[in-house]
Amino acid sequence: MSLPAKSSSARNPGANPACRLDPAAAAVELADVSFAYDVRPVLKGITMTIPRGKIVAIMGASGSGKTTILRLIGGQLRPGSGRVSVGGLSVPELEPEALYALRRKFGMLFQFGALFTDMSVFENIAFPMREHTEFPEELVRDLVLMKLHAVGLRGAAYLMPAELSGGMARRVALARAIALDPMLVMYDEPFAGLDPISLGVIGQLIRRLNDALSITSVVVTHDVYESLKIVDYLYFVSDGRIVASGTPEEVRASSDRYVRQFVDGAPDGPVPFHYPAPSYREELFADVS
Amino acid sequence: MNRSAIDLWVGIFVAIGFGAILFLALKVGNLLTLDRTPGYRVEASFDNIGGLKLRAPVKAAGVLVGRVESVRLDTKTYEAVVRMRIDNEYQFTKDTIASINTSGLLGEVYVGLDAGGDPTMLKDGDRIAKTQSAVVVEKLISQFLFDKASSGGGSSASGDAAPAKAAAKAAEGARK
Amino acid sequence: MSAEIAPGVAQWLRRVGGAVTDAGIKLGYASRFFVAVLWETPGAFRRIHLTVREIYFSGVLSLVIILMSGLFVGMVLSLQGYETLSRYGADEQLGILVALALVRELGPVISGLLFASRAGSAITAEIGLMKTTEQLTAMEMMAVDPVARVVAPRFWGGVISMPFLAALFSAFGIFGGYIVGVRLIGIDAGAFWGQMTAGVDFYPDVTNGIIKSFVFGTAVSLIAVFEGYNAKPTAEGVSSATTRTVVMASLSILALDFVMTVFMFRGARFV
């Protein structure tokens, strides 16, 4: 993990001219982006557009590079080539101060919540407010309770993260992600490991909050069923490339082999069942003298 | 653990921590006892100071009256010049004898002061005229052997008296 | 013959060179990290309650082990010291023996080692775990610098706690020495304290002990936060980082102790 960029001492996010967003531009744009971890290529020429106010899902098998796309958007990684822009601003070219100012407009939901375990639920959600605003404590309290109410956990405000179930922790993390009314929220596997009821709850929350707060959402997931219920557009990533994309109706009706394997959950298809290996016969009968 | 409890414990911790440092400085170490008592400085020259160290005690009748401040070699007379600080409340006569002693067999080396009968007292910057150097064991032994040899194949009857006499002579020889 | 040896030797040399280069890179990275932590110091003290909290976790919670160890070390020093000193009739020097050994060496060094294994490993594990559960990434994405908010307070908590712990260790050790020497063995209390006060000087003995404990505190805290921050985000990664903290911090303490002792006490007492 490299040393993080220095945080801005300025508490007013709008004050930094370097991160003035273009209201006409799409929320997120990736143009022919490539990225490699050392020598291993992860993304090979990704182009995608995420319009404002929409929910877009990025789907793919594990290890296909989905989370890398999120990290590129958030400025944690720099692309090897190509352009990553948010609201017209090129993210990798931002100065550390401008990057931090931009991040204050983001919200991110991590796979297992990533709640701060040494603070209570209330303090977790108050954290971004206390760090980035000068709001008086009464205002902070009202806002925190509002966000908790939106996710249905106002009664759990003073529990510690260790006392929450998986689904509840995920919802608290969601409340924290929208604490400062961001313009863009990124969800990293929000449906992973949840029971059916929690799945439904999270899915509904993502949709309702997106519409109510006019935010743009990027959901990285491999849960097809839930995604098809709530998103506006889907991208399928395989082996570092976008292999298919479309609206939920298009995807359900698609005859693309990859999409069909994914949607139907078939074990073998364009994504092979067998990890590359030499011929079975050769291996079994090898060294038999 | 709420914030006020943590603050309380950290406050206690810092307080006893400082207390420990103060204890070490004052009771264990000698932060205030040294260099604070006002005193006057005198010098004394010795043939040999033996194992006398800086900050060695200066005692009179076994009572601590001062400390050795510096030791240097006088390149003209090749004698050791010891400068010591004596507390202001102790006045010594001008004919005081300064001698280098050892407390016990393995004890530390200190400067002993024997006052005389001179009506004038030592002042800051004065010199002590009469001094007695440290007893150097090697010289003692060689003196003893020299005396033994010079008294010839002396009779065994005088054998007991001879070492005592030789030791006294050696001590005499060690005096200035 | 030489054609067979050369490739093997060359490969071995390559490995050694690679190891040295890796160590150099790690050292360079660690130095940059150290500078970054120091840079964020004003942030750590602006959020003073964070640093106070870390002083509590590093210092206050180490009190029990430090005080008990100090007591026992002092008592053993007294016992062993008396046994040897009495052979030369120098048992009145026991006080000064115990005090000098503790204040100059054992206080800073042993409390440093204990601090490394108790507080240092806890700091590494905590930061490593926060990294594994993506709490540090979450903080970054919320535009809060984790070095300022998580790392720097823990570093300064350790640096501030160490000198106090070392002083408390020495103080309790001397008290333990007093219990054994005066109360149990029967040495004269006046000789015990008197010789001690005469022989232990604030400068250089006590001050050098304090300087040593500051240096040890800095080394242990830096290693602890560094290993935690750079741990691999897995269970094995965190556990090996914790072990590395204790080992490297302990070795650093002993090495630094030697270097500092050479400079501090070389000829300081001799005319």
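Two residues are in contact if their C-beta atoms, placed from the backbone, lie within 7 Å. Keep that in mind. This is a predicted model.

Let's start with the chains. Two pairs of chains are in contact, and chains B and C share the most contacts. Chain A and chain B do not touch. Their nearest C-alpha atoms are 11 Å apart.

Now the B and C pair. How many residues of chain B are in contact with chain C? The count is 25, and they meet 30 residues of chain C. On the chain B side, helix α1, residues 3-28, gives the most, with 16 residues. What classes make up that side of chain B? There are 17 nonpolar residues, four polar and four charged.

Stay with chain B for a moment. Chain B is divided into three parts: domain 1 is 1-33, domain 2 is 39-132 and domain 3 is 137-174. The C-alpha centres of domain 1 and domain 2 of chain B lie 40 Å apart.

Next, the cores. A general point comes before the details. In soluble globular proteins, nonpolar side chains tend to be buried together. Here, the largest nonpolar core has 158 residues. Which of them touch the most other members? They are I73(A), V218(A), L168(C) and V225(C). Helix α7 of chain C, residues 146-185, gives the most to this core, with 20 residues.

Look at L168(C). Set aside its neighbours within four places in sequence. Then L168(C) is in contact with I16(B), G17(B) and A20(B) from chain B, and with I66(C), L67(C) and G70(C) from chain C. There is also a second, separate core of 20 residues. Its members include V42(B), M84(B), Y110(B) and L113(B).

Last stop: the sheet in chain A. Six strands form an open sheet, in the order β6-β7-β8-β3-β9-β10, with mixed pairing. Why is one side of β6 and of β10 left without a neighbour in the sheet? β6 (106-109) and β10 (241-246) of chain A stand at the edges, and each has a single partner strand, so one side of each is left open. From one strand to the next, the twist averages 15°.

β6(A) pairs with strand β7 of chain A, residues 184-188, in the parallel sense over four bridges. M108(A) has M186(A), in β7(A), as its bridge partner.

Finally, a helix packs on this sheet: α9 of chain A, residues 257-264. Helix α9 touches β3 (55-60), β9 (233-238) and β10 of chain A. Its direction makes about 105° with that of β9(A).

Methods. Residues are numbered from 1 along each chain as its sequence is written. Chains are lettered from A and ligands numbered from 1 in the order in which they are written. This is a predicted model: local features need pLDDT of at least 70, side-chain atom pairs count only at pLDDT 80 or more; totals for chains, interfaces and linings use all residues. Helices (H or I, at least four residues) and strands (E, at least two) are DSSP runs, numbered from the N terminus. Ala, Val, Leu, Ile, Met, Phe, Trp, Tyr, Cys and Pro count as nonpolar, Asp, Glu, Lys and Arg as charged, and the others, Gly among them, as polar. A nonpolar core is a set of buried Ala, Val, Leu, Ile, Met, Phe, Trp, Tyr and Cys residues joined through C-beta atoms within 7 Å. A residue is buried if 20 or more other C-beta atoms lie within 10 Å of its own, exposed if 12 or fewer, and partly exposed in between; C-beta atoms are placed from the backbone. Domain bounds come from an automatic or database domain assignment. Two strands pair if DSSP finds at least two bridges between them. Axes are lines fitted to C-alpha atoms, for helices over the stretch in contact, and angles run from 0 to 180 degrees between N-to-C directions.
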